[in-house]
Structures are given as structure tokens and as C-alpha cells.
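Biologist: I would like to learn how to read strands, helices and charged pairs in a model of this kind. Please give the general idea before each case.

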Amino acid sequence: MTATPAIPASFDEARPRGGLLAGLLSSDMPRSRALSFILIAIVLVLALTPFLFSGSQPLSTAAKICVFIVLVASYDLLLGYSGIVSFAHTMFFGIGGYGIAIGLEKLGADWGSAAIGLVAALCTSAILAIAIGLLSLRVRAIFFSMITLAVASAMAVLASQMSGITGGEDGLSFQLPYALRPAFRPFAEPVFGVMINGRIVAYYLLFFVAMGMFLLMLRIVNSPFGRVLQAIRENEFRAEALGYRVVAYRTAASVISALAATVAGALLALWLRYNGPDTTLSFAIMIDILLMVVIGGMGTMYGAIIGAALFVLAQSYLQVLMEAGSKALAGIPLLPNLIHPDRWLLWLGALFVISVYAFPGGIVGRLRQGKRN
Amino acid sequence: MTQKTTTPALETRGLTIRFGGHVAVNNVSCRFSPGTLTAIVGPNGAGKTTYFNLVSGQLRASAGEVLVEGEDVTNLAPSARAHRGLGRAFQLTNLFPQLTALENVRLAVQSRADAGWSLFKVWNSRRDLIEKAEAILERVRLADKRHVAPKTLSHGDQRKLEVALLIAMEPKVFMFDEPTAGMSVDEVPTVLELIHDIKQRGDATVLLVEHKMDVVRSLADRIVVLHNGTLVADGDPATVIASPVVQEAYLGVEVRP
């Protein structure tokens with residue numbers, strides 16, 4: 001799989017721009033007015049969700065979007081920028097979740113346990129990513145993908161078997177540090193009409209860590225190192241002849257991507273106060289990640305934000321929307337049945353087939369193209 | 001009885017590769033002195049490109065050694081050999097097809113500057129690398145096509161870009177594999193000038209695989225002839241071209257107008 005060329009020929013990317021924004025975005029601007037607008041809208045809504053919506057479902061949806069932005073961006077770094085097809089991404093996601101879960105469950109509900117759990121998870125992920133990378137990035141791409149699939153399946157089995165540590169199929173529920181519990185009240189008075197509690201603190205923890213991780217990855221793909229990854233994706237033989245050690249660069253990309261996925265898993269566990277095989281390790285999530293990368297736009301990073309937001313929203317609200325539609329169409333034959341909430345997966349599938357077919361370069365690719373014409 | 005005066009820039013000792021029963025390069029020992037341009041000629045299938053692949057590391061030798069300035073590089077990967085000073089251009093254009101011409105060259109400059117492992121800087125903060133890449137594009141007369149991706153460049157321009165990448169690597173040994181192959185007649189002189197220019201500047205050692213005898217005559221200080229993987233003649237152009245073994249094996253057919 002190769003990404004479409006992201007840089008229009010007329011765009012002089014070699015001219016560095018000054019300014020805080022260019023620095024924050026690592027000179028990789030959205031380069032499309034519509035795209036900028038959508039990105040700003042998504043980030044703004046995410047930032048203000050606790051104040052814009054009431055109830056726990058919108059906040060949970062927003063939190064999930066934050067987690068998936070990190071997860072999908074880290075997969076884009078691997079797939080879109082390095083051209084590596086790995087199916088072990090949920091394994092690292094799961095390791096992050098289990099790190100937090102086991103830490104907080106076994107060592108007690110405080111920040112120290114969370115930190116120990118996270119660091120242990122990061123180390124495990126790094127070692128696994130290096131091992132898989134060095135052992136198998138030398139072989140042909142298809143074999144590498146197969147090996148990642150095998151390792152990920154083995155880990156999923158392991159996680160459900162070692163119930164003494166992981167809680168098996170039931171997973172682990174645990175207490176959060178006090179500052180993240182719903183009972184925690186940092187302020188005596190409501191802020192902008194909203195009483196701040198530990199859930200909202202936890203949400204902002206997720207939000208800021210997710211944004212930080214995203215900007216960090218945006219920086220890495222736009223660094224001299226990131227440029228080498230793209231060169232290897234384009235022509236690994238030539239990159240090697242130019243003096244770049246392809247195996248080392250690929251392994252490094254795998255490790256960075258694995259670490260980011262681990263952080264994403266840790267964030268999700270913190271939010272859910274639970275981790276189990278189905279929330280982080282399942283192969284269904286792997287497929288969701290792939291779809292989000294492709295729909296957003298491979299090799300663009302910004303695609304992760306759009307892909308994650310769109311996908312999670314569709315997952316959370318398509319059923320609700322369909323139920324309303326189905327009721328509105330009651331009385332007409334066939335139609336209400338067709339858009340019955342139970343068929344939501346069918347329609348989600350159809351939506352994605354259409355969007356992949358219509359925007360081969362993803363939504364970001366389409367928007368950037370639109371700007372050129 | 002050759003007295004060893006200086007360390008050769010490149011030396012191969014008994015370099016051999018077998019593919020099953022076929023010996024593609026057979027026991028080739030050769031020294032290349034700094035500042036010389038050596039043409040490697042021979043009929044198709046003589047093992048010239050295979051010899052290049054053994055030297056730059058794309059193929060592993062069955063036997064023999066490759067030395068760069070006296071250092072044994074036989075067991076090193078192509079990337080490590082590139083850092084030892086072996087620069088290789090390819091016969092079939094081998095570029096990064098979707099990156100811009102400037103980025104192609106900048107990547108080579110960046111490798112030379114050993115800057116690939118910088119993860120947290122924005123790439124374009126290294127103005128020096130970009131400026132150097134731009135200067136090299138200027139030198140190969142591709143400055144106006146800096147934002148064009150190789151896949152949309154003409155064949156001749158792709159070959160020039162290939163030369164640019166090699167220049168950017170600043171190697172001790174430049175290895176050109178038929179740099180003018182498939183070029184239109186009016187584009188050939190530009191590339192030859194570039195190679196001549198490389199030879200004139202500094203004490204670069206140039207190896208050139210070439211079929212066109214007029215090109216070889218005008219550029220080479222020395223000619224090495226390979227035939228069926230074996231080195232059959234080696235010497236200054238006039239002597240080699242005149243030698244009976246060469247006339248018979250290769251040039252007798254090719255050189256006739």
C-alpha cells in the first residue's frame with residue numbers, strides 16, 4: 001500500500017515558516033481551508049465537551065475520540081509514513097491498558113501505581129516491538145504482517161488465559177486515584193455553570209495527553225527521521241544504497257508507534273476504570289483502526305483526527321439516528337425495517353465502502369486536492 | 001612488479017560470485033587509485049553490473065574481498081559501505097518516485113550529514129541541507145524542476161537526478177552504471193560533462209560501466225575489460241583497445257563504425 005503524494009508540486013514546503021503555530025504543527029500545515037476549519041471545529045468541540053453537553057455519554061464519546069486519535073495517528077506513522085503493515089497494533093494498545101489496570105488493581109489506587117504500570121507497559125511494548133522488528137522486518141512485507149498477526153493472537157490468548165494477573169476474559173476493574181474519581185471536587189463553585197468533578201478532570205487529562213501525543217507524532221513524521229521513513233516507503237533499496245540502515249529505521253518506527261499505542265491504551269483504561277480483552281485487544285479494534293486511517297487519509301496525520309472523530313461518532317450515534325428515522329418512516333413498507341437500529345452495522349459498512357471508494361486518498365487527501373483545483 | 005605507492009581508493013581481491021553453477025564474477029582482483037577514472041567494459045552478461053553490486057554491497061560475494069582505502073568492507077551492508085565512501089548510481093533509474101527532486105537530493109545530503117536520526121527537529125530547520133541540495137540541483141541543471149517528482153520527469157532528467165544523488169553523497173568512489181543508457185543524443189553531453197566535472201574536482205575516484213566506446217575514449221584514464229566474469233584486459237585506453245584479446249572478445253564487433 002502506498003500513500004498518495006501528499007505534497008502538491010506548486011507548494012514550496014522547503015521554506016520554513018516562523019510563528020508559534022507553524023512550530024507547534026512542525027511546519028506541516030493542513031494546507032486546505034476546509035480541512036483547517038474541520039480540524040479546529042473538532043479540537044474545539046473536544047476541548048469544550050464538558051461545558052457544551054450534559055450527561056455522561058457525550059463525554060465518553062469525546063474521550064474515546066481522544067484515545068483513538070492517538071491510536072490511529074500512531075498506526076498512520078507505521079502504515080502511511082513507513083509503509084509497514086502490522087496487525088499487532090492492538091497488542092500494544094492492550095499492553096497499555098493492562099499496564100494501568102494491573103498497576104492500579106494490584107498496587108493500590110494512587111498515581112505512583114499508575115506510573116509504575118505505565119512505565120512497565122511502555123518497556124514491555126518497546127521490547128516486543130524491537131524483537132518483532134529485528135526478527136522480521138528483514139523479511140518480505142507479507143511475512144512481516146503474518147508474524148505480527150501470529151504474535152498478536154498469541155498475546156490475546158495469553159491475556160485471557162493468565163486470569164490470575166489479567167482477570168482473564170472478565171478483565172480487570174479498578175479504582176482510580178482520588179483526583180480522577182467522580183466524587184472529587186476541585187472547586188467549590190460551578191465553573192461556567194458546570195460543577196467540575198473527577199470525571200471532567202480525567203477527561204482533560206485524556207484530552208491534553210492526546211493532543212500532546214498527536215503533536216509529538218506530527219513532529220516525528222516531519223523530522224529528518226520521518227523523511228527517511230517516507231524515503232524507505234518509496235524505495236527501500238535506494239534508501240539503503242544512500243546510507244540509511246533500513247532495518248534500524250523501520251524498527252525505530254515500530255517502537256515509536258508501539259509506545260504511542262501503549263499510551264493510548266493506558267488512557268482508555270484510565271477512562272473506563274476497566275480493561276479487558278474486548279476493550280483493547282480484540283481484532284475488531286484492529287480493523288476499526290485500519291478503517292479510520294484509510295478514511296481519514298493515509299500518511300497525513302491529520303487524517304487520524306478526522307477518521308477517529310467520524311468513526312467513533314458513527315459508532316456511537318448511528319443507531320440513535322436510525323431509530324429516529326425508522327420511527328419517522330413508520331407505516332411505509334420495507335423502509336422502516338431497512339433502517340431499523342439493528343441494521344446499523346450494515347449501514348456503517350456501506351458508508352465506509354462508499355467513502356473509501358469515493359476518496360481513495362482519504363478525506364484529508366480529498367480536501368487538499370480540492371484546494372488545488 | 002608493481003610497487004605499492006599509495007593505498008588504492010578501492011580494491012577488490014579475488015572477488016567471486018556464483019549463482020548455482022554459474023560463475024558470474026570470477027576471481028576479479030583490481031585496484032583503483034585515487035583521482036582516476038576507470039571504464040569497465042565488456043559484452044552484455046560479462047558481469048559488469050554484478051561486479052558493481054558486489055562492490056557496493058547489494059550482493060554478497062561467494063569469495064574474495066572489497067577494500068575501501070585499505071579497510072575491508074566485504075561484510076558490511078550497503079548502507080554502511082555508503083558511509084565508508086562508496087557511492088553508487090544505478091543502471092535502471094532508481095529514485096524515490098513520489099518525492100520531489102529536491103527531496104530526493106536532500107535525502108542524500110542528509111545521509112551524508114548523518115542527520116537521519118534526528119527525531120524532534122522539523123526537517124526544514126536544517127537550512128544547510130536544503131541549500132546544499134539546491135546547489136547540487138543547480139549543478140546538474142535541474143534547479144527549475146526542484147518541485148517535480150521523478151515519476152513525471154523525463155528519462156534524461158531522471159538520469160541527471162541520479163547523478164545528483166551520487167554527488168550529494170560526496171563519495172570517495174563514484175560508481176556509474178551506464179549513466180547515458182536510454183538517453184536521447186542531445187542529453188548525453190550534459191551527463192558526460194557532469195562526470196568529467198566530478199573527475200576534475202578533487203581527487204574523486206570514478207568507476208564507469210559504459211557501452212559507448214567514444215564515451216569511454218574521451219573520459220577514461222584506464223580501461224578494464226570483463227568477459228564472462230573474468231578480467232581479461234587492463235591498461236590505458238589506447239593499449240587496451242588495440243590489444244588482440246579485446247578486439248576479438250568485445251571491441252572488434254562493437255567499435256566498427
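Modeller: Two strands pair if DSSP finds at least two bridges between them. Helices (H or I, at least four residues) and strands (E, at least two) are DSSP runs, numbered from the N terminus. This is a predicted model, in which local features need pLDDT of at least 70 and side-chain atom pairs count only at pLDDT 80 or more, while totals for chains, interfaces and linings use all residues. Residues are numbered from 1 along each chain as its sequence is written, chains are lettered from A and ligands numbered from 1 in the order in which they are written, and side-chain values use heavy atoms, with hydrogens and water left out.

Biologist: How many bridges join E3(B) to strand E8 of chain B?

Modeller: Four, and the two strands, E3(B) and E8 (residues 205-209), run parallel. Leu37(B) stands opposite Val206(B) in E8(B). E3(B) is also joined by four bridges to strand E9 (residues 222-227) of chain B, again in parallel. There, Val41(B) faces Val225(B) of E9(B).

Biologist: Is strand E3 of chain B mostly covered or uncovered?

Modeller: Buried means under 20% relative accessible area, exposed over 50%, and partly exposed in between (1.4 Å probe, protein chains only). In strand E3 (residues 37-41) of chain B, five of the five residues are buried, and the strand is mostly covered. Leu37(B), Ala39(B) and Val41(B) are buried on one side of E3(B), Thr38(B) and Ile40(B) on the other.

Biologist: What is the strand order in the open sheet of chain B?

Modeller: The four strands are ordered E2-E1-E4-E5 in chain B, with antiparallel pairing. Strand E2 (22-32) and strand E5 (71-72) of chain B stand at the edges with a single partner strand each, so one side of each has no neighbour in the sheet. Strand E1 (residues 10-19) of chain B is joined to E2(B) by seven bridges. Within this pair, Leu15(B) is opposite Val28(B).

Biologist: Which helix lies across E1 of chain B, and at what angle?

Modeller: Axes are lines fitted to C-alpha atoms, for helices over the stretch in contact (heavy atoms within 4.5 Å). Angles run from 0 to 180 degrees between N-to-C directions. Helix H1 (residues 48-56) of chain B lies across E1, E2 and strand E4 (63-68) of that chain, and runs at about 115° to E1(B).

Biologist: Why is helix H9 of chain A described as largely enclosed?

Modeller: Eleven of the eleven residues of H9(A) (residues 224-234) are buried, so the helix is largely enclosed by the rest of the structure. Among them are Phe225(A), Arg227(A) and Glu234(A). The buried residues of H9(A) pack against helices H3 (56-81), H8 (198-221), H10 (236-242) and H11 (246-272) of chain A, together with helix H3 (101-112) of chain B.

Biologist: How many salt bridges are found over all chains?

Modeller: A salt bridge is a side-chain nitrogen of Lys or Arg within 4 Å of a carboxyl oxygen of Asp or Glu. The search of the whole structure finds 26. In one of them, Lys145(B) and Asp157(B) meet at 3.0 Å, N to O. This pair links distant parts of the chain, twelve residues apart: Lys145(B) is in the loop between H4 and helix H5 (155-168) of chain B, and Asp157(B) is in helix H5. Asp157(B) counts as buried at 7% relative accessibility, whereas Lys145(B) counts as partly exposed at 25%.

Biologist: Which residues are linked in a network of salt bridges?

Modeller: Glu11(B), Arg13(B), Arg31(B) and Glu65(B).
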